[in-house]
Amino acid sequence: MAGALRIAVAGASGRMGQMLIEAVLGADDCALAGAFDRTGSPALGHDAAAFLGRGSGVVVTDDVRAALDGADVMIDFTRPEGTLAHLTLCRELGVKAVVGTTGFTDEQKALVAAHAREVAVVMAPNMSVGVNVVLRLLDVAARALAEGYDIEIVEAHHRHKVDAPSGTALKMGEVVAAALGRDLKTCAVYGREGVTGERDPSTIGFATIRGGDIVGDHTVLFAGTGERIEITHKSASRATYAQGSLRAARFLADKANGLYGMDAVLGLR
């Protein structure tokens with residue numbers, strides 16, 4: 001496909017990896033350049049599109065360097081340690097990166113930023129277009145409801161998710177806290193049990209639900225006297241994350257370096 005954006009997918013056999021591969025193969029302006037997975041994955045040696053009952057001409061490998069060779073952009077929704085190792089190679093090979101991985105520590109985020117000084121990276125806890133519009137709405141709501149409203153964030157995901165709260169929930173908390181002039185690290189409450197006393201009005205509470213095959217639900221509740229405002233986003237399919245990732249990859253096409261969020265991709269800044 002002449003002129004197509006060449007994309008390599010990390011975690012090719014995972015739920016998100018497969019959704020990304022399907023999205024890339026379905027995009028007229030993109031081509032699957034590589035697909036890689038962890039050593040020991042049963043997908044190794046098989047065509048990356050075998051799960052779709054078709055061929056892509058790309059074989060899943062655990063040789064990350066080989067999978068990235070010839071790619072323009074890597075899309076990675078794996079684990080922090082793996083993503084950082086992949087970014088090291090991206091930096092060396094000049095491959096741009098879209099990072100949807102969550103669960104990074106502050107130190108790990110700093111390492112991502114260091115890589116981004118050499119190669120362009122879009123990093124966001126949620127690639128959904130809708131979620132990123134919600135983040136903008138939360139900024140507006142928090143500023144308007146700064147006094148007299150208690151703020152709680154409730155998120156629900158499938159039983160296989162390994163981090164909690166979700167990266168999206170934390171990002172929502174960061175947006176709300178920043179709008180209120182607070183630091184989420186000092187005002188977040190992640191669990192309540194026993195006799196907790198009255199609620200501190202300066203806090204932002206989090207509640208986490210894990211079960212079944214829930215793709216991702218997030219609600220931010222502003223509870224005042226006599227009224228409640230709820231801003232909710234519900235994902236019915238991972239396809240929205242895949243399509244948002246492709247928008248991010250296209251955004252990077254003319255970028256040499258720098259660390260960007262989905263707000264930049266969507267023109268919401």
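**Close-up views of a predicted model**

View 1. Leaving out residues up to four places away in sequence, V99 touches D76, T83, L87, F104, V121, V122, M123, A124 and M127. The model shown here and in the other views is predicted. V99 belongs to strand β4, which covers residues 96-99. The relative accessible area of V99 is 0%, so V99 is buried. T78 lies 21 residues from V99 along the chain, and the C-alpha atoms of the two are separated by 8.7 Å.

**View 2. H115 in helix α4.** Helix α4 takes in residues 106-116, and H115 lies in this helix. H115 has a relative accessibility of 9% and therefore counts as buried. Apart from neighbours within four places in sequence, H115 is in contact with L84, L87, T88 and R91. L87 is also among the residues that V99 touches.

**View 3. Strands β1 and β2.** Strand β1 (residues 5-10) pairs with β2 in the parallel sense. Six bridges join the two strands. One of the bridge partners is given by residue: I7 has L32 of β2 as its partner. Strand β2 runs over residues 30-36. Five of its seven residues are buried, so β2 is largely enclosed by the rest of the structure.

**View 4. Cysteines C30 and C90.** The structure holds zero disulfides. A disulfide is a covalent bond between the sulfur atoms of two cysteines. The closest cysteine sulfur to that of C30 is in C90, at 16 Å, which is too far for a bond. The cut-off for a disulfide is a pair of cysteine sulfur atoms within 2.5 Å. C30 is buried, with a relative accessible area of 1%. C90 also counts as buried, at 0% relative accessibility.

**View 5. The open sheet of five strands.** The strand order is β7-β8-β6-β9-β10, and the pairing is mixed. At the edges are β7 (188-189) and β10 (228-235), each of which pairs on one side only. Strand β6 (residues 150-157) and strand β9 (residues 216-223) pair in the antiparallel sense, over seven bridges. Within this pair, I153 stands opposite V220 of β9. In a regular strand the side chains alternate between the two faces of the sheet.

**View 6. Helix α5 across the sheet.** Helix α5 (residues 129-144) lies across β9 and β10. Its direction is at about 170° to that of β10. The N-terminal end of α5 is capped by S128, with a side-chain oxygen 3.2 Å from the backbone nitrogen of G130. How far apart are the end C-alpha atoms of α5? They are 23 Å apart, which agrees with the 22 Å that its 16 residues should span at 1.5 Å a residue. V131, N132, V134, L135, L138, A141 and A142 are buried in α5. The cover over the buried residues of α5 includes α6, β9, β10 and α9 (262-265).

View 7. V175 is 35 residues away from V140 along the chain, and their C-alpha atoms are separated by 9.9 Å. V175 is one of the buried residues of α6.

**View 8. Helix α6 on the sheet.** Helix α6 (residues 167-179) packs on the sheet and touches β6, β8 (204-210) and β9. The direction of α6 makes about 165° with that of β8. The 13 residues of α6 reach 18 Å from first C-alpha to last, close to the 18 Å expected at 1.5 Å a residue. Its buried residues are G167, T168, A169, M172, G173, V175, V176, A177 and A179. Among the elements that cover them are α5, α7 (184-187), β6, β8 and β9.

Definitions and conventions. Residues are numbered from 1 along each chain as its sequence is written. This is a predicted model: local features need pLDDT of at least 70, side-chain atom pairs count only at pLDDT 80 or more; totals for chains, interfaces and linings use all residues. Side-chain values use heavy atoms; hydrogens and water are left out. Two strands pair if DSSP finds at least two bridges between them. Helices (H or I, at least four residues) and strands (E, at least two) are DSSP runs, numbered from the N terminus. Contact means heavy atoms within 4.5 Å. Axes are lines fitted to C-alpha atoms, for helices over the stretch in contact, and angles run from 0 to 180 degrees between N-to-C directions. The expected span of a helix is 1.5 Å times one less than its number of residues. Buried means under 20% relative accessible area, exposed over 50%, partly exposed in between (1.4 Å probe, protein chains only). A polar contact is a pair of N or O atoms within 3.5 Å; within protein, one must be able to donate a hydrogen and the other to accept it, and residues adjacent in sequence count only if both atoms are side-chain atoms.
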